[in-house]
Amino acid sequence: IILDQTGTTKVNGNFSILTEILEKCDIHSTIAKGFPIKKLTDPVNFISLLYFFGMLTISGCDEEGDTILSIPNETVKRLYYDYFKEIYGEVHGFTLEFKKYLELSKALAFRGEWRPLFKYLEEQLNAALRLRDLINGEKAVQVFLNVYLGLSGYFLVHPEKELNKGFADIVLEPDPNRQPVAKYAYLIEIKYIKSAAGDIKEETVDKLK
């Protein structure tokens, strides 16, 4: 996933595969029975490797005959969060003061104080210019939030959650396996404002949140 070529650390093409998996919680692909290590970065081989390692499991077959591979459980999903946290840090220089992050996450989970955590993430994202260039578009923002809302472990993060009248971008459900269980749940709708709309008033942006 992460390459170091001539002293420059960057991601290879498999980063987009991880992004799709975390965004949709599944991916459609054939499964390669075997491949040489030199061809590990081939997309089908990489997806197959995730399956061989238990990072994906077979959940069905689509109309075109490809296998539907899904994240098997919450434990594995948190491993994906850790991968993205490492990529954001090593490649794009994005780090959080984790003690402060956990304190703000606890306030989100148990006191309903959502604004301080989102404000903190916004401030840190603005400070990390290299990562801000990557977080470009609504789906990229959604994956970023999936990662950093899921790292605390207080919530089960459901992207593109189907509800009665459509889909929610992100639903945060208290994790019943934690003691004590979080007291608040959240439904998050993401509205991505392009830079060309930079003259939008702050109070308008705040209403969108």
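Helices here are DSSP runs of H or I with at least four residues, strands are runs of E with at least two, and both are numbered from the N terminus.

The model is predicted, so local features need pLDDT of at least 70 and side-chain atom pairs count only at pLDDT 80 or more, while totals for chains, interfaces and linings use all residues. Residues are numbered from 1 along each chain as its sequence is written, and side-chain values use heavy atoms, with hydrogens and water left out.

**Around α4**

Stay on α4, residues 98–110. Its 13 residues should span 18 Å at 1.5 Å a residue, and the end C-alpha atoms are 18 Å apart, which agrees; the expected span is 1.5 Å times one less than the number of residues.

Now pick S105 in α4. Its relative accessibility is 3%, so S105 counts as buried. Leaving aside residues up to four places away in sequence, S105 touches L117, S152 and Y154, where contact means heavy atoms within 4.5 Å. Then move past the helix to G112, which follows α4 and has a positive phi near 70 degrees.

**Helix α7**

Select residues 138–150, helix α7. From first C-alpha to last, α7 reaches 18 Å, close to the 18 Å expected for its 13 residues. Of these, 10 are buried, so α7 is largely enclosed by the rest of the structure. The buried ones are V141, Q142, V143, F144, L145, N146, V147, Y148, L149 and G150.

**The α1 and α3 pair**

Select α1 (residues 14–24) and α3 (residues 74–90), which pack at about 140 degrees with axes 11 Å apart. That angle makes α1 oblique to α3. Axes are lines fitted to C-alpha atoms over the stretch in contact, and angles run from 0 to 180 degrees between N-to-C directions; under 35 degrees is roughly parallel, over 145 roughly antiparallel, 65 to 115 roughly perpendicular and the rest oblique.

**Zooming out**

Show the whole chain: its secondary structure comes to 8 helices and 8 strands. Of its 209 residues, 40% count as buried.

Conventions. Buried means under 20% relative accessible area, exposed over 50%, partly exposed in between (1.4 Å probe, protein chains only).
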